[in-house]
Amino acid sequence: MSAYSSDQDLNVTDATGEDAEVDVATNLLNGNVRLSVLWTDVICLRPDDAERVAHALLRAAEHGRRIAEARSARADTDNANCH
């Protein structure tokens with residue numbers, strides 16, 4: 001099982017017709033955001049697709065912040081209970 005949750009609303013592929021695609025995912029354990037270009041090192045995006053990627057990154061960043069804040073709050077509670 002992966003610790004990453006991909007943005008299911010993002011479906012972006014290479015503008016030149018290659019099989020490359022973009023994936024934006026949030027690590028559910030620590031809130032880090034992963035941007036992957038699959039099947040290649042470079043991808044060419046149409047302007048609308050570039051905007052979709054940008055919005056997916058913003059959604060992932062917000063999701064990651066919530067995960068990190070919840071994790072920090074749990075750690076603070078655990079530390080308070082230890083004293």
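A: Asn27 is placed in strand 2, residues 21-27; strands here are DSSP runs of E with at least two residues, helices are runs of H or I with at least four, and both are numbered from the N terminus. The model is predicted, so local features need pLDDT of at least 70 and side-chain atom pairs count only at pLDDT 80 or more, while totals for chains, interfaces and linings use all residues. Residues are numbered from 1 along each chain as its sequence is written, and side-chain values use heavy atoms, with hydrogens and water left out.

With a relative accessibility of 8%, Asn27 counts as buried; buried means under 20% relative accessible area, exposed over 50%, and partly exposed in between, with a 1.4 Å probe and protein chains only. Beyond its neighbours within four places in sequence, Asn27 contacts Ala3, Tyr4, Asn32 and Ile67, where contact means heavy atoms within 4.5 Å. A polar atom of the Asn27 side chain lies 3.2 Å from the backbone nitrogen of Asn30. A polar contact is a pair of N or O atoms within 3.5 Å; within protein, one must be able to donate a hydrogen and the other to accept it, and residues adjacent in sequence count only if both atoms are side-chain atoms.

Asn30 itself sits in the loop between strand 2 and strand 3. Its relative accessible area is 25%, so Asn30 is partly exposed. The side chain of Asn30 in turn reaches the backbone nitrogen of Asn32, at 2.9 Å. Not counting residues up to four places away in sequence, Asn30 touches Ile67, Ala68 and Arg71.

The surrounding sheet is open and has 3 strands in the order 1-2-3, with antiparallel pairing; two strands pair if DSSP finds at least two bridges between them. Strand 1 (4-6) and strand 3 (33-38) are the edge strands, each pairing on one side only. On average, neighbouring strands of this sheet are turned by 35 degrees against each other, direction ignored. Strand 2 and strand 3 run antiparallel and are joined by 6 bridges; Val22 has Val37 in strand 3 as its bridge partner.

Helix 1 (residues 47-81) packs on the sheet, touching strand 2 and strand 3, and its direction makes about 10 degrees with that of strand 2. Axes are lines fitted to C-alpha atoms, for helices over the stretch in contact, and angles run from 0 to 180 degrees between N-to-C directions. The buried residues of helix 1 are Asp49, Val53, Ala56, Ala60, Gly64 and Ile67. Strand 2 and strand 3 are among the elements that cover them.

From the N terminus on, the chain runs β-β-β-α. Its radius of gyration is 16 Å, well over the 12 Å that the globule rule gives for 83 residues, so the chain is more spread out than a compact globule; the radius is taken over C-alpha atoms, and the rule is 2.2 Å times the number of residues to the power 0.38. The C-alpha trace spans about 60 × 25 × 20 Å along its principal axes. Of the 83 residues, 24% count as buried.
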